[in-house]
Amino acid sequence: MRMTNLFFTTLRENPADAEVISHQLMVRAGYIRKLTSGIYTYLPLMWRVIRKISDIIREEMDKQGAQEIMMPILQPEELWQESGRWDVYGKELMRLEDRHGRMGALGPTHEEIITALVRDEVRSYRQLPVNLYQIQDKFRDEIRPRFGLLRGREFLMKDAYSFDSDETGLEASYQEMIEAYINIFNRCGLETRMVRSDTGAIGGSVSHEFMVLTRTASGENDVLYCDNCSYAANSNRAESRMIPANTNGGFSEAKEVDTPGVKSIDDLAVFFNIEPSSICKTLVYIADNRPVMALVRGDRAIEETKLKNALGANDIRIASSAETEELVNKPGFDTEAGFIGPSGVNVQIVGDKSICELENFVVGINKTDKHLTGANWGKDIQLPGKIADIRLAFAGDFCPECEGKLEITKGIEVGNIFKLGTKYSEKMKATFTDEEGQEKPFIMGCYGIGVTRTAAAAIERYHDKDGIQWPMAIAPYQAIVVPVNVNDELQMSTAEEIYNELCGKNIETVIDDRDERPGVKFKDADLIGFPIRITAGKTLSEGMVEIKVRSTGEMIKVPKGEAVTKTIELINLNHELAKTPL
Ligand code: ATP
Ligand code: MG
């Protein structure tokens, strides 16, 4: 490709709405252009990256026996009614109406469509297992589309669905996908960690996410991982064992005490000269439109997703002051957390496991400016009927599986795998006949990879102040040849020669034949992130060209006759070079 023909423009300034580095660099380097919120055009450079990632995905999926198909984007309401998701999926589903008044949606995912397809096509256990996938645009009206391709409203996803006759089959399919995913991300030059996760709206029981660990703020997920074993989990699911703390408030009797204006846990701890770990913290949530109280030890926090799962709710949010007032049935009650408590309210209460050890503790009693001190479960207050793990695991806690300690880092979820079981097949009556002639629902799994998000995650992980440092396998081009001065005959002819020879050897190469200042050319090459740059400049007087490795900054002078061999050698090496430590 000749740079004079390449459809791209680089920009000096970061776009105003680009908060994260991958978004900034993709716009500045001419990879994407925004159409509207969360929706982008992929320019030629970007499309090459996407195609490379997609090709790697296809090869690894095919290797595991999965077959590529293409399902419609537009999906009819009826199937979503069958699965029961039409009413619960919420506003993320982009719904529309056709001229006959029939409702439909732009696919955010394809469980309904694939289940209906396989229900019609597969009758017997002999046709199983089946694993079908597609690489296609998905639509989700995200509440906060942001971070460029990391969270779009239209984005490219690989979604695969497995159908098995029993749990053992599902387990095998699941393992095949794990293997495919490990290979895919490795081949993309991306180190990932497989972590346990919450199953969210898709449902099912077992699920794992593949996370690219980053230090940049764009990692939207907190990942807790053990410093000793392989345990790793999204913070919305991570379990932990707490470090021992003082859970006894030391009060000799239960007593109502005036605590004027003392609301927060910290203020209470100071006021009574006790540890936060000997206070019971109460919070009020609205889960599927009904109020719920959640209790946790004072030094810990509630994890909303865990609470939501413990309740079996679809939706959860913290209650407003008005809702809390109504709950305690006291108009004008100061609803700030400090005074709320579990006694005397007619509402479901869930306690985190951490509250069980509390003794002689402090707790709110739904009276403004008052607390109960020296409380004990059973004697002064009922221990909630439901006790579950609903707290946020902290870095520094013990690993739930070994003696190690948990650490925390940011992660970008690039892939997600779920054991769905019969969640969809039962609801949608998708069955097959087993060996004994019995009708059974398919045992399903589903497996997603965010293709465009993977590209963005690679940039988040690999960049420097000058631009992108693509891993070789997914760079739009492998090399760029830069004649410093296009009007210098020797430089130009050498550059053309090297360019032609590289192209002849199937190395994806660009020649920067623009009549631009060298500074501009070098800046653009760094910004776009060509892994190898070959410069034909002044050193040609000694018969030498200069080769720069983008990921390490290494500069190598070689005789011009060896430029091609050296470039190919570096390309083969670069897969390793890309794996610079975090
Ligand atoms: P998240 O928790 O980030 O919203 P999700 O759990 O909704 O992700 P899935 O439904 O499992 O995601 O989708 C599979 C993959 O698609 C994700 O692992 C992610 O890589 C990608 N993905 C999901 N939502 C988006 C989005 N809005 N923009 C880009 N990629 C996305
Ligand atoms: Mg989502």
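**Loops, helices and sheets in a predicted model**

Asn273 sits in the loop that links helix H6 (265–272) to strand S14. Here and below, helices (H or I, at least four residues) and strands (E, at least two) are DSSP runs, numbered from the N terminus. The model is predicted, so local features need pLDDT of at least 70 and side-chain atom pairs count only at pLDDT 80 or more, while totals for chains, interfaces and linings use all residues. Residues are numbered from 1 along each chain as its sequence is written, chains are lettered from A and ligands numbered from 1 in the order in which they are written, and side-chain values use heavy atoms, with hydrogens and water left out.

Asn273 has a positive phi of about 55°, although it is not a glycine. Most residues other than glycine have a negative phi, and most peptide bonds are trans. With a relative accessibility of 70%, Asn273 counts as exposed; the cut-offs are under 20% relative accessible area for buried, over 50% for exposed, and partly exposed in between (1.4 Å probe, protein chains only). Ser278 belongs to the loop between H6 and S14 too, but at 1% relative accessibility Ser278 counts as buried. Contact means heavy atoms within 4.5 Å. Setting aside neighbours within four places in sequence, Ser278 is in contact with Asn246, Thr247, Asn248, Gly249, Leu358, Phe361 and Val362.

Two other loops have backbone features to point out. Asn506, in the loop between helix H11 (489–504) and strand S28 (509–511), also has a positive phi, near 65°, and is a residue other than glycine. Its relative accessible area is 68%, so Asn506 is exposed. The peptide bond from Leu128 to Pro129, meanwhile, is cis, with omega near 0°. Pro129 is found in the loop between helix H4 (111–121) and strand S7 (130–139).

Strand S14 leads on to a sheet. Five strands make up this open sheet, in the order S16-S14-S15-S17-S20, and the pairing is mixed. Strand S16 (316–318) and strand S20 (386–388) are at the edges with a single partner strand each, so one side of each has no neighbour in the sheet. On average, neighbouring strands here are turned by 35° against each other, direction ignored. Two strands count as paired if DSSP finds at least two bridges between them. Strands of a sheet pair through backbone hydrogen bonds, either parallel or antiparallel. S14 (residues 280–287) and S16 run antiparallel and are joined by three bridges, and Ala287 has Ile316 in S16 as its bridge partner. Helix H8 (residues 321–328) packs on the sheet, where it touches S14, strand S15 (290–297) and S16, and its direction makes about 105° with that of S14. Such angles run from 0 to 180 degrees between N-to-C directions, with axes being lines fitted to C-alpha atoms, for helices over the stretch in contact.

Strand S24 (residues 443–450) is mostly covered, with eight of its eight residues buried. Ile443, Gly445, Tyr447 and Ile449 point one way from S24, Met444, Cys446, Gly448 and Gly450 point the other way, and all are buried. S24 is joined to strand S8 (residues 154–164) by eight bridges, and the two run antiparallel; Ile443 in S24 is the bridge partner of Asp164. Strand S21 (residues 406–421) is also antiparallel to S24, with six bridges between them, and in this case Met444 in S24 is the bridge partner of Gly421.

Next come helix H2 (residues 44–63) and helix H10 (residues 451–461), whose axes come within 9 Å and cross at roughly 110°. H2 and H10 are therefore roughly perpendicular to each other, on a scale where angles under 35 degrees count as roughly parallel, over 145 as roughly antiparallel, 65 to 115 as roughly perpendicular and the rest as oblique. On the H2 side, Met46, Val49, Ile50, Ile53, Ser54 and Ile57 meet Val451, Thr452, Thr454 and Ala455 in H10. By class, this contact of H2 with H10 has seven nonpolar, three polar and no charged residues (Ala, Val, Leu, Ile, Met, Phe, Trp, Tyr, Cys and Pro count as nonpolar, Asp, Glu, Lys and Arg as charged, and the others, Gly among them, as polar).

H2 also holds Arg58, which is partly exposed, with a relative accessible area of 26%. Not counting residues up to four places away in sequence, Arg58 touches Glu68, Tyr133 and Ile135. Arg58 and Ile135 are 77 residues apart in sequence, yet 8.8 Å apart in space, C-alpha to C-alpha.
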